[in-house]
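Subject: Structure handover

Hi,

Here is the structure I promised to pass on to you.

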There are 2 protein chains.
Amino acid sequence: MRKSAVRELYMVGTLYVLAAGVLASSAAGADNDLMSAARRIFRPIPSIVPAVKDNPITHEKVTLGKTLFFDPRLSASEVISCNTCHNLGTGGVDAGPTSVGHRWQLGSRRAPTVYNAVFNVAQFWDGRAADLKAQAEGPVQASVEMNATPVHVVDTLNSMAEYIVMFSKAFPSDATPVTFENFAKAIEAFEATLITPAAPFDQYLEGDAYALSDRQKAGLKLFIEKGCSSCHNGINVGGQDYFAFGAVERPAASLLPRNDKGRFAVTKMPSDEYVFRSAPLRNVALRPPYFHSGQVWSLKEAVGVMSETQLGAKLSDTEKDDIVAFLNSLTGQLPKIDYPILPTRTDTTPKPSVHK
Amino acid sequence: MRKSAVRELYMVGTLYVLAAGVLASSAAGADNDLMSAARRIFRPIPSIVPAVKDNPITHEKVTLGKTLFFDPRLSASEVISCNTCHNLGTGGVDAGPTSVGHRWQLGSRRAPTVYNAVFNVAQFWDGRAADLKAQAEGPVQASVEMNATPVHVVDTLNSMAEYIVMFSKAFPSDATPVTFENFAKAIEAFEATLITPAAPFDQYLEGDAYALSDRQKAGLKLFIEKGCSSCHNGINVGGQDYFAFGAVERPAASLLPRNDKGRFAVTKMPSDEYVFRSAPLRNVALRPPYFHSGQVWSLKEAVGVMSETQLGAKLSDTEKDDIVAFLNSLTGQLPKIDYPILPTRTDTTPKPSVHK
């Protein structure tokens, strides 16, 4: 079944190349054609917070979610918060390659960015969480990450009157507002605000032909024509579907550790062995190292690996530079975050558990 | 020599009690006397950033310092920033009892708060750093904390053009602005802005007799008369001088680990065995657990321990509650912090070193 995934990949790629059309001979015509092609393949990041399924977004919920996102006391050690690994100051990720968690254990995959994550088809590299509220329940419980339990989270929140008030305001119609589910919903609401509009590429998609440099346009053209946009398309320039890493050529074991079979662990379908959600490339320049293994530190090198393993294309140095220039145009405007003052712990707040 | 420290402590205590005067018989007179006494012993936190020796504070330097304060890439693992242990969201400290550092090693003492630290006579529990710039050079190099080197710090900063520009603006007359010394100076400048004015007690010291509740005034009176203010006085209600922990009665070994002899390690004087800088009590309610060992989680319990070990006084339950009420009046207005977007790492930025 892996072959069919590859075939599908090529078909999609071909479609996108066709969509791009044969570029017209005049420079202005070519420019228009490129913009038209780009608009068929990609979508700009909106400047307003998107709606989220089953979770109406309110100011109160976002404020609560931000407070929770930065609260390390929700981890067993009370040292690790969501922001530790999804650092909003460094592109929504940590230094990598993979994350340091409870008792200095190392995670097995690179932390995905929380910026624009709301636009992904599903969460985690293997898509095992349907949405951000499902995602938010994962790391807080993972033994190699925050190593807490829903009971620890709820007990901690209930020990602080200020949190109880915040939950009541965020979930006004709930009889018991402080729950693990609402904790996750509030974080989802906050993360839905972590969108980065107005990148040069967004401005280009919205009709400003001068928003990209000539080199960036050349990179965009290559990105479409070589087939990168077969997998990296849509609003997040990726993150919309699942593809085999190594569709054409198997990457080195350092980049594709053989014991991590990706989406296979979710679906148990042999066709999903070594299949991952395509990486969303929004703000990609802000967050090396790359790939789920986090083993490639240079964006140019990552472009080279991708073109060879996924497309069987050997790009020239200039072509890689052009594509990197285009990828740099995907860096948007990050939201301004007021660092939250957290509710003060009380005598009944669970104590940190550093060693267990 | 330890005895003389105790004697001195009592003398200072007596002086403060004398300064407080015998309280007048009328309620209004007593109120005035209490305020007068308090004004002789304490000083309000100013609402403007204080000057710092040898380090003129500029907006550019503060902005740089804030960025550095939140940058985990300055640690060897690139996971730990100043804010990890001195979390501005939780009173400028971590969850404790002592800090988790590089490779999950535990520090030997409770992280002191950075809020109002600029007003302390010296930094660290043993006063081994004369000021905040000297302090800032410590944890970044300590093997159980950030485990970095000045070379790592300077190489990391020099790898990002944005940092070089920020240093040039912060230190415009320096030929080589990016240095380990300037890194520390910028952090000191930022930390000088971390002051928390306008606590109810500040308003009281500034003449508003209604800023404290009756219970808080009763607590203040006890705080002076019982002798607490012998050591906890001045602008930071502590942090101004060094005293033996266990001046009257030796605390339990759990509170005063016998292998940590405090200021003795700095001065090598036998009289400084188990001597520590008195804890500054500003915002003390925000940051349990207490003492350099971080073993007491309740403020009321901490008041009880202090009164017995330092003053030989056995306080009643009501007296402890009154003092705790007063200590709650020391919680000021925390500055608003915009979470900084950090400069983006480049191909030349040193890689994280998690295991070494």
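Below is what I found, going from the pairing of the chains to some local details.

Please keep in mind that this is a predicted model.

**How the two chains are arranged**

Chain A can be laid on chain B by a turn of 180° with a shift of 0.0 Å along the axis, and the RMSD is then 0.0 Å. This is the relation of a two-fold axis. Both copies use the same surface, as 100% of the contact residues of chain A recur in chain B.

**The interface**

The size of an interface is often given as the accessible area lost when the parts come together. Here, chain A and chain B bury about 3400 Å² between them, and 69% of that is on carbon and sulfur atoms. On the chain A side, the residues that lose the most area to chain B are Trp104(A), Trp297(A) and Tyr339(A), which together make up 24% of what that side buries. In terms of residues, the contact takes 41 from chain A and 41 from chain B.

There is a polar part to the contact as well. The count between chain A and chain B is 12 residue pairs in polar contact, and two salt bridges are found across the interface. Lys336(A) forms a salt bridge with Asp338(B), and their closest N and O atoms are 2.9 Å apart. As for the make-up of the side of chain A that touches chain B, its residues divide into 22 nonpolar, 11 polar and eight charged.

**The annotated domain**

UniProt, in an unreviewed entry, places the feature "domain: Cytochrome c" at residues 60-168 and 214-331 of chain A. The span 60-168 of chain A is 33% helix and 0% strand, with its end C-alpha atoms 9 Å apart. For residues 214-331 of chain A, the figures are 35% helix and 5% strand, and the end C-alpha atoms lie 17 Å apart.

**Salt bridges overall**

Over all chains, the structure holds 38 salt bridges. One of them pairs Lys300(A) with Asp317(A), the closest N and O atoms being 3.2 Å apart. This pair links distant parts of the chain: Lys300(A) is in helix α12 of chain A and Asp317(A) in helix α13 (residues 317-328), 17 residues apart.

**Backbone points to check**

Most residues other than glycine have a negative phi, and most peptide bonds are trans. Which places stand out against that background?

- Trp104(A) has a positive phi, near 60°, in a residue other than glycine. Trp104(A) sits in the loop between α4 (82-85) and α5 (132-136) of chain A, and Trp104(A) is also among the residues that lose the most area to chain B.
- Pro288(A) and Pro289(A) are joined by a cis peptide bond, with omega about 0°. Pro289(A) is in the loop between β2 (275-277) and α12 (299-311) of chain A.
- In chain B, a cis peptide bond joins Pro288(B) and Pro289(B), again with omega about 0°. Pro289(B) lies in the loop between β2 (275-277) and α12 (299-311) of chain B.

Best wishes

Note on methods: Residues numbered from 1 in each chain as written. Chains lettered and ligands numbered in written order. Predicted model: local features only at pLDDT ≥ 70, side-chain atom pairs only at ≥ 80, totals over all residues. Heavy atoms only, no water. Least-squares fit on C-alpha atoms with pLDDT ≥ 70 in both. Contact = heavy atoms within 4.5 Å. Buried area = accessible area lost by both parts, 1.4 Å probe. Salt bridge = Lys/Arg side-chain N within 4 Å of Asp/Glu carboxyl O. Polar contact = N/O pair within 3.5 Å; in protein donor to acceptor, adjacent residues only side chain to side chain. Nonpolar A, V, L, I, M, F, W, Y, C, P; charged D, E, K, R; others polar. UniProt positions renumbered as here; feature names shortened; annotations may be inferred. Helix = DSSP H or I, 4+ residues; strand = E, 2+ residues; numbered from the N terminus.
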